[in-house]
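Dear colleague,

Please find the structure below, handed over for your study.

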Amino acid sequence: MTVSSAQSRDYPIQKWVFEDAAGRFDIDLGDSNMLPGRFDDLVVPAGLELDYGHDRGLGALRDAVAGLYGGTAESVLITQGAQQALYLVYATLLTPGSQVISFRPGWQQSWDVPAALGCRVELVGFRPDLSFDVEAAEAVAGPDVRLIVANSPCNPTGRRIAEADLRGLLALASRTGAYLLLDEEYALDLSRSPALGDDRVISVSSLSKVYGFPGLRVGWLYGPPSVVDGCAQRKFLSTISNSVLCETLACDVLAHRERHLGSYRELTTQGLALVRDFARRNADAVTLVEPQDTPFAWLWLTTGEEPLAMCRRALDMGVLLMPGETLGASDGFRICFARPPKAVAEGLTRVEQVLRPVSPTVASPPVR
């Protein structure tokens, strides 16, 4: 996956989603989350008191999250989505001059925020098969490396980190004294997280992606109590606490976790089958990277057109896609299929109409 060439072609995801695309699509195949749930799907206890709650999160919610890992609540901090959890880790662990190693393409926060904090950010890519290039990370690691950031399963590639590569990153963190920050938003089984029982690993996740409740803005970090303590202090200085209403609703989501995950698996199974068919029909224009339990897939764009240009034409057809330029790549696009099959099928039909660049029309010479 192209890394170096992509750096000069970045396009802010914030601009793409909230400015360019706002109000211009009726089919969303761009956002990376499960079909959003509805308020009516959840239960609010009668007489709920809307006080400040707790700076670390409601006790019942922290216990529920700890249960996902098979750990203890002292290792859990509830946050305003995974985005705040990641930000708090950066703000807590990093100081000017620290080195951060992150994988690209990925989530721009992992390189923008550390850079804004005065850190030296080293971006490494993936191997040709889109596995994590641990050797590249080892090659750039210096004596001041403080944080290694990895997303597994990865957004946008849809690929999980292999066990051998994970062991390599853990060994690198241990050898250098760095922390390994794992963004595990798309992990379905957090009981297998490396954060359990390792005081150099921090896991971040939320209810936004596989559960389909991004509007609740409820996320968390799970890690060493000392890191949790530092993050909790900084959270208090920014937001004090989360919404008691949202945290109470989050408890209801996790209480019915298997039902929500059942819906997720059903939609993604049906949607992925449609994307596979789409890729087969258009093998001259795209190559599908088979996802590993993610609600989206990465498709190489092989027409020679820049992904942003193609996605703009898809937007003109009322379909939101995610161009690679918003994620640090210049050679493909991400498509989410955790949607009703009818919507996925219709969206893919429209994309098919704009998938190949339009050749300029050559005017015929005048007849004399």
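**The hairpin and its sheet**

In the hairpin formed by β9 and β10, 6 residues lie between the strands, and one of the residues of this hairpin, Asp293, takes a positive phi near 65°. Strands (E, at least two residues) and helices (H or I, at least four residues) are DSSP runs, numbered from the N terminus. Please note that this is a predicted model, in which local features need pLDDT of at least 70 and side-chain atom pairs count only at pLDDT 80 or more, while totals for chains, interfaces and linings use all residues. Residues are numbered from 1 along each chain as its sequence is written, and side-chain values use heavy atoms, with hydrogens and water left out.

The pLDDT is the predictor's confidence in each residue, from 0 to 100. Its mean for the protein is 94, and 95% of the residues reach 70 or more. Over residues 1-8 the pLDDT is below 50, and this stretch has 19 contacts in the model beyond near neighbours in sequence; a contact means heavy atoms within 4.5 Å.

Which strands make up the open sheet, and in what order? The sheet has 4 strands in the order β9-β10-β13-β12, with antiparallel pairing. Strands β9 and β12 (322-323) stand at the edges with a single partner strand each, so one side of each has no neighbour in the sheet. Two strands are said to pair if DSSP finds at least two bridges between them.

Strand β9 (residues 286-289) is joined to β10 by 4 bridges, and the two run antiparallel. Within this pairing, Thr287 stands opposite Trp300 of β10. On the other pairing of β10, 5 bridges link it in the antiparallel sense to strand β13 (residues 332-336). There, Trp298 stands opposite Arg334, and Leu299 has Phe333 as its bridge partner.

Is strand β10 (residues 296-301) largely enclosed or left open? Of its 6 residues, 6 are buried, so the strand is largely enclosed by the rest of the structure. Buried means under 20% relative accessible area, with exposed over 50% and partly exposed in between (1.4 Å probe, protein chains only). In a regular strand the side chains alternate between the two faces of the sheet. Both faces of β10 are covered, with Phe296, Trp298 and Trp300 buried on one side and Ala297, Leu299 and Leu301 buried on the other.

**Helix α4**

Helix α4 (residues 109-116) has as its buried residues Gln109, Ser110, Trp111, Val113 and Pro114. Among the elements that cover them are α3 (81-93), β3 (99-103), β4 (120-124) and β5 (145-151). After α4 comes Gly118, with a positive phi near 85°.

**Pockets and cavities**

Grid points are joined across faces, edges and corners, and a volume is the space filled by probe spheres set on the points.

The largest pocket holds about 870 Å³ of space. It is lined by 28 residues, and those closest to its centre are Ile13, Phe18, Gln83, Trp107 and Lys209. Helices α1 (13-20), α3 and α4 each give two or more residues to this lining. Its classes are 11 nonpolar, 10 polar and 7 charged residues. Here Ala, Val, Leu, Ile, Met, Phe, Trp, Tyr, Cys and Pro count as nonpolar, Asp, Glu, Lys and Arg as charged, and the others, Gly among them, as polar.

The second largest pocket has a volume of about 550 Å³. Of its 22 lining residues, Ser152, Arg160, Ile161, Glu163 and Arg192 lie nearest the centre.

How many cavities of 30 Å³ or more does the whole structure contain? The search finds 2. The largest cavity contains about 130 Å³ of space. Its lining has 16 residues, with Trp107, Ser110, Val149, Ala150 and Asn151 closest to the centre. Strand β5 gives the largest share of that lining, 3 residues. The second largest cavity has a volume of about 70 Å³, and its lining includes Leu68, Trp220 and Arg257.

Note on methods. 1 Å grid on protein atoms, 1.4 Å probe; cavity = no way out; pocket = protein on both sides within 12 Å on 5 of 7 lines; lining within 4 Å.
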